[in-house]
Amino acid sequence: MSQESKQRDRDRQQLQRELQGADYQRLLERLQAEGRFPAHFSTWAEVVAFMHNGSSRDPRKDEILRPLLADYAATEDPRLWTILLVTFWPGLETIHFRRRAWDADESERWQNLMWTFLQVVRRIDVTRRGDRLAQKIFNDTVHRLYDEYQRIWKRQKTEVSVSSRQLDEITGGEEWAGFLEMEFVESRQSEIDRLREHVAAGRIAEVDLHLLVGTRLDGKGIRQCASELGISYEAAKKRRQRAEAAVGRIACFE
């Protein structure tokens with residue numbers, strides 16, 4: 001087992017411990033009291049164990065996912081995000097392993113997968129999906145992850161072709177914007193402005209803004225951004241994940 005795999009396993013165990021907290025228990029009891037969640041589960045551990053077993057076609061799994069997804073869409077309660085993440089963890093591990101040819105950097109591949117999964121969960125409309133919600137989320141995550149890597153590969157290909165074709169014309173980093181599509185440049189600035197509003201509102205810190213801009217808009221790796229910001233790689237990963245959950249979608253990557 002690689003060091004990255006061991007770290008993911010520690011992250012999973014930490015999240016599972018979080019689900020045992022009193023705040024999570026109150027959430028479960030509230031959902032059950034409202035009559036929107038199966039009443040026979042005593043703890044979130046029981047819910048997760050049930051979801052990790054059996055077939056995704058089991059209609060009882062839809063009875064669990066539908067209220068969780070509906071509540072998350074309405075409130076973006078971070079507790080619901082944690083529950084959904086732990087619930088889908090085995091499926092995400094499967095995607096991560098099977099798509100290893102897309103990215104040799106194991107940690108970066110996992111972070112991109114976490115980002116993609118978050119976007120899928122945010123967008124799913126349970127009122128328009130009758131059944132097999134788990135399979136829908138799994139499939140959409142694979143498809144959107146592929147779209148994300150297509151954008152990454154396209155940027156990398158464009159940079160190589162431009163640098164070889166017009167090397168003499170490039171005198172500094174400022175010149176790069178001239179070779180980008182104007183629509184993307186305008187969208188990028190609009191997105192940065194939106195992220196700064198989140199900073200002003202106290203939802204994320206300035207360092208989080210730079211992490212999101214560097215990794216999501218400028219195509220840098222987390223290691224590079226962490227080094228530039230003077231923070232550890234592990235701290236950068238955790239900060240970016242929390243920031244992404246706080247700010248929602250990144251418009252340039254719709």
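Trainee: What space, in Å³, lies in the second largest pocket of this protein?

Mentor: The model is a predicted one, and in it the second largest pocket holds about 610 Å³ of space. The pocket is lined by 24 residues, of which L15, W81, K238, Q241 and R242 are the closest to its centre.

Trainee: Which helices each supply at least two residues of that lining?

Mentor: They are α1 (3–18), α5, α6 (106–123) and α11 (233–247).

Trainee: What does the secondary structure of the protein come to?

Mentor: The protein has eleven helices and zero strands. Read from the N terminus, the order of elements is α-α-α-α-α-α-α-α-α-α-α.

Trainee: What makes W44 count as buried?

Mentor: The relative accessible area of W44 is 0%, and the word buried applies under 20%. W44 is therefore buried. The residue is found in helix α3.

Trainee: Which residues does W44 contact, leaving aside its neighbours within four places in sequence?

Mentor: W44 is in contact with L19, Y24, Q25, L27, L28, L31, F37, L68 and I83. For one of these, L27, the separation from W44 is 17 residues in sequence and 9.7 Å in space, C-alpha to C-alpha.

Trainee: Which residues of helix α3 are buried?

Mentor: In α3, which spans residues 44–51, the buried residues include W44, V47, V48 and M51.

Trainee: How do you know on which side of α3 they lie?

Mentor: Their arc around the axis is only 95°, so they lie on the same side of α3. An α-helix has 3.6 residues a turn, so residues three or four places apart point the same way. The buried residues of α3 pack against α2 (22–33), α4 (59–75) and α5 (78–98).

Trainee: Why is D71 called buried?

Mentor: D71 has a relative accessible area of 9%, and the limit for buried is under 20%. D71 is found in helix α4 and touches R30, L31, R36, E76 and L80, not counting residues up to four places away in sequence.

Trainee: Where is the place of E76, which D71 touches?

Mentor: E76 is in the loop between α4 and α5. Although E76 is not a glycine, its phi is positive, at about 50°. Most residues other than glycine have a negative phi.

Trainee: What makes E76 partly exposed?

Mentor: The relative accessible area of E76 is 35%.

Trainee: Why is R132 called partly exposed?

Mentor: R132 has a relative accessibility of 27%, which falls between the limits of 20% and 50%, so R132 counts as partly exposed. R132 lies in the loop between α6 and α7 (133–165), and R132 has a positive phi of about 50° although it is not a glycine.

Trainee: How do you know whether D208 is buried or exposed?

Mentor: D208 stands at 8% relative accessibility. Buried means under 20%, so D208 counts as buried. D208 is found in helix α9 (residues 206–217), and is in contact with R239 and A243, leaving aside neighbours within four places in sequence.

Trainee: What makes D105 count as partly exposed?

Mentor: At 29% relative accessibility, D105 lies between the limits of 20% and 50%, so D105 is partly exposed. D105 lies in the loop between α5 and α6. Beyond four places in sequence, D105 touches R223 and Y233. D105 and G221 are 116 residues apart in sequence and 9.4 Å apart in space, C-alpha to C-alpha.

Trainee: What part of the residues of the protein counts as buried?

Mentor: Of its 254 residues, 41% count as buried. The protein exposes about 13,600 Å², of which carbon and sulfur atoms supply 49%.

Notes
Residues are numbered from 1 along each chain as its sequence is written. This is a predicted model: local features need pLDDT of at least 70, side-chain atom pairs count only at pLDDT 80 or more; totals for chains, interfaces and linings use all residues. Side-chain values use heavy atoms; hydrogens and water are left out. Buried means under 20% relative accessible area, exposed over 50%, partly exposed in between (1.4 Å probe, protein chains only). Helices (H or I, at least four residues) and strands (E, at least two) are DSSP runs, numbered from the N terminus. The arc is that of the directions from the helix axis to the C-beta atoms. Contact means heavy atoms within 4.5 Å. Accessible areas come from the Shrake-Rupley method with a 1.4 Å probe; for residues, only the protein chains shown count as cover. On a 1 Å grid over the protein atoms alone, a cavity is a set of points where a 1.4 Å probe fits but cannot get out, and a pocket is an open set with protein on both sides within 12 Å along at least five of seven lines; lining residues have an atom within 4 Å of a point. Grid points are joined across faces, edges and corners, and a volume is the space filled by probe spheres set on the points.
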